[in-house]
Amino acid sequence: MQVTNTILMIRPVNFRMNEQTAVNNYFQEEIDGSSTAINQRAQEEFDAFVEVLRAKGVNVIVVDDTVEPDTPDSIFPNNWVSFHKNGTVGLYPMFAENRRNERREDILDRLESEGFQIENIMDYTSAEEQNLYLEGTGSLLVDRVNQIVYCALSARAEEELIIEFCEDFDCLPVIFTANQTVDGKRLPIYHTNVMMCLAETFSVICLDTIDDKKEKKNVVHQLKESGKEIISINEEQMHHFAGNMLQVLGADEKRYLVMSSQAYDSLDSSQVSSIEKHCEILHSSLKTIETCGGGSARCMMAEVFLPKA
């Protein structure tokens, strides 16, 4: 299946703008207020978001972050771990040194205590020693039904590791470069899932970010060949996190596309209608998390596809 009912989320205790990730995450911005106030606002946004999901029957497993070690981006767990239907857990090499501390064995123990079965761990983290990175499903958009992986190259997505992942999981790699304009220059977008969302029967994507015509044509071809309707967004909408969405299962296997309120408000009526032909939209305000963290709704949810024991 492409979508799951179970989501892992990490409740922050020391959320702030991470200076180590800001060097290539151009979505991050400083905001006024003490670190305590910023963290409290992030916790309030987190809690409200979890309630929106649970109200629709999504099984949200919440794990509290720890004060030590210092992990300001722990709220984005999908970058360090992925969970697969064959019982495999993927662990990923992280660009920022302080993000490597987010990897916690006790979180895997928690999932097992919830009845999920872990059979194997694919650990790519040794690549950090060679300064090579691949940040989980932030970088890798996995079409689990058609065995295709879409990935935009960046400092956080190394081609060698993308190919290794695709060989390990028997997927076809669709590799491209996605750029955004920063101070008049075209620079790589840090994560694929900021410019692209892959759902069961459609994809929300900012094709304007793929400057190479052949690469763009190949992405469009693969999406259409796998039966996905392409719903295009522009770069301005992408900067409001309109690409950072995730489809989930609620009660009675009803599908929902989850996004932030900022992303929802950036969409025009025709885009909303196109999405709602496929599933209902859920959104929640994540303004503090988006501004300081440079990530949004999709980044906060690690999908759990593990089999039940």
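What follows covers the overall build and then takes a look at one lysine.

Keep in mind that this is a predicted model. The protein chain carries 10 helices and 17 strands. Its C-alpha trace spans about 45 × 45 × 45 Å along the principal axes. With 309 residues, a compact globule would have a radius of gyration near 19 Å, and the 18 Å of the protein chain agrees with that.

On the inside, buried residues make up 58% of the 309 in the protein chain. Counting contacts with a separation of 6 or more, 74% come from residues 24 or more positions apart. The protein chain has 27 positive and 51 negative side chains, with the centres of the two sets 5 Å apart.

Now for that lysine. Lysine 228 sits in the loop between helix 6 (213-225) and strand 13 (229-232). Is lysine 228 buried or exposed? Its relative accessible area is 6%, so lysine 228 counts as buried, the cut-off being under 20%.

The side chain of lysine 228 reaches two backbone oxygens, listed here:

| Lysine 228 side chain reaches | Distance |
|---|---|
| backbone oxygen of alanine 199 | 3.0 Å |
| backbone oxygen of glutamate 200 | 2.7 Å |

Leaving aside residues up to four places away in sequence, lysine 228 also touches other residues, among them Asp143, Asn146, Leu198, Thr201, Phe202, Ser203 and Leu223.

Technical notes: Residues numbered from 1 in each chain as written. Predicted model: local features only at pLDDT ≥ 70, side-chain atom pairs only at ≥ 80, totals over all residues. Heavy atoms only, no water. Helix = DSSP H or I, 4+ residues; strand = E, 2+ residues; numbered from the N terminus. Rg over C-alpha atoms; globule rule 2.2 N^0.38 Å. Buried < 20%, exposed > 50% of the residue type's maximum accessible area, 1.4 Å probe, protein only. Contact = heavy atoms within 4.5 Å. Lys, Arg positive; Asp, Glu negative; His and termini not counted. Charge placed at Lys NZ, Arg CZ, Asp CG, Glu CD. Polar contact = N/O pair within 3.5 Å; in protein donor to acceptor, adjacent residues only side chain to side chain.
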